[in-house]
Amino acid sequence: SIDFYRKQVATIANKLAETDKNNRESFLANAGNYDRKLEALQVEQERLLTLTEGTEAILFHCAYDFVAEDLGLHVELCMDLDEERQVSAGEVAEVLEVIKEHGVKYIFAEALYGTSMSEMVQKEADVSVIYLDPLNRGEYDKDSYVDGMRNNLKLIEEAFAY
């Protein structure tokens, strides 16, 4: 959630400023500069609401719950898929039943762990799978969150525009 992330940045900057008074202005200025980037990103996300709000979705990664909430999606099912978990035939059947029952057209998944489940489901149902980056690994450059979320929003927009 961009909104939650903005609050985290502000909280961290304020606590650092309280703790290290000598660098107070630097912490607050840096946080302000970064928040302007996050604010612009949040505006991009809010623009997507016209495409996404009220749409049913399935999540194959519970980290996407925040994004789904911010986009006004109705999450019909959330399954946390990871490297330690094998998907059962019963779970595939459950996903297909939810798709049929609720008219789900979109699944949000992580490419690293959700690909096999997504491919099985796509063979049986007319759904679009949007592979998002959960932003919890990889390079940690100063703008890695902004760049990663911007790419995620682009993928969502492309999927919902069709």
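Two rings of Phe, Tyr or Trp count as a pair here if their centres lie within 6.5 Å, and planes over 60 degrees apart make the pair edge-to-face. With that in hand, here are the close-ups, all from a predicted model.

View 1. Phe4 and Phe66 make one of them, sitting 5.4 Å apart centre to centre with 80° between the planes, which makes the pair edge-to-face. Phe4 belongs to helix α1 (residues 2–19) and Phe66 to helix α4 (residues 65–70), so this contact ties together parts that lie 62 residues apart in sequence.

**View 2. How much of each Phe ring residue shows.** Phe4 comes out as partly exposed, at 37% relative accessibility. Phe66 is partly exposed too, with a relative accessible area of 41%.

**View 3. A tyrosine cluster.** Tyr5, Tyr34 and Tyr145 are linked into a cluster by ring pairs. Keep an eye on Tyr145, as this residue turns up again in the pocket view below.

**View 4. The largest pocket.** Its volume is about 260 Å³. The lining runs to 14 residues, and Ser1, Ala63, Phe66, Pro134 and Tyr145 are the ones closest to the pocket centre.

**View 5. What the pocket lining is made of.** Helices α1, α4 and α7 (144–160) each supply at least two residues of the lining of the largest pocket. By residue type, that lining splits into 10 nonpolar, 3 polar and 1 charged.

Conventions: Residues are numbered from 1 along each chain as its sequence is written. This is a predicted model: local features need pLDDT of at least 70, side-chain atom pairs count only at pLDDT 80 or more; totals for chains, interfaces and linings use all residues. Side-chain values use heavy atoms; hydrogens and water are left out. Rings of Phe, Tyr and Trp (its six-membered ring) pair if their centres lie within 6.5 Å; planes under 30 degrees apart count as stacked, over 60 as edge-to-face and the rest as tilted. Helices (H or I, at least four residues) and strands (E, at least two) are DSSP runs, numbered from the N terminus. Buried means under 20% relative accessible area, exposed over 50%, partly exposed in between (1.4 Å probe, protein chains only). On a 1 Å grid over the protein atoms alone, a cavity is a set of points where a 1.4 Å probe fits but cannot get out, and a pocket is an open set with protein on both sides within 12 Å along at least five of seven lines; lining residues have an atom within 4 Å of a point. Grid points are joined across faces, edges and corners, and a volume is the space filled by probe spheres set on the points. Ala, Val, Leu, Ile, Met, Phe, Trp, Tyr, Cys and Pro count as nonpolar, Asp, Glu, Lys and Arg as charged, and the others, Gly among them, as polar.
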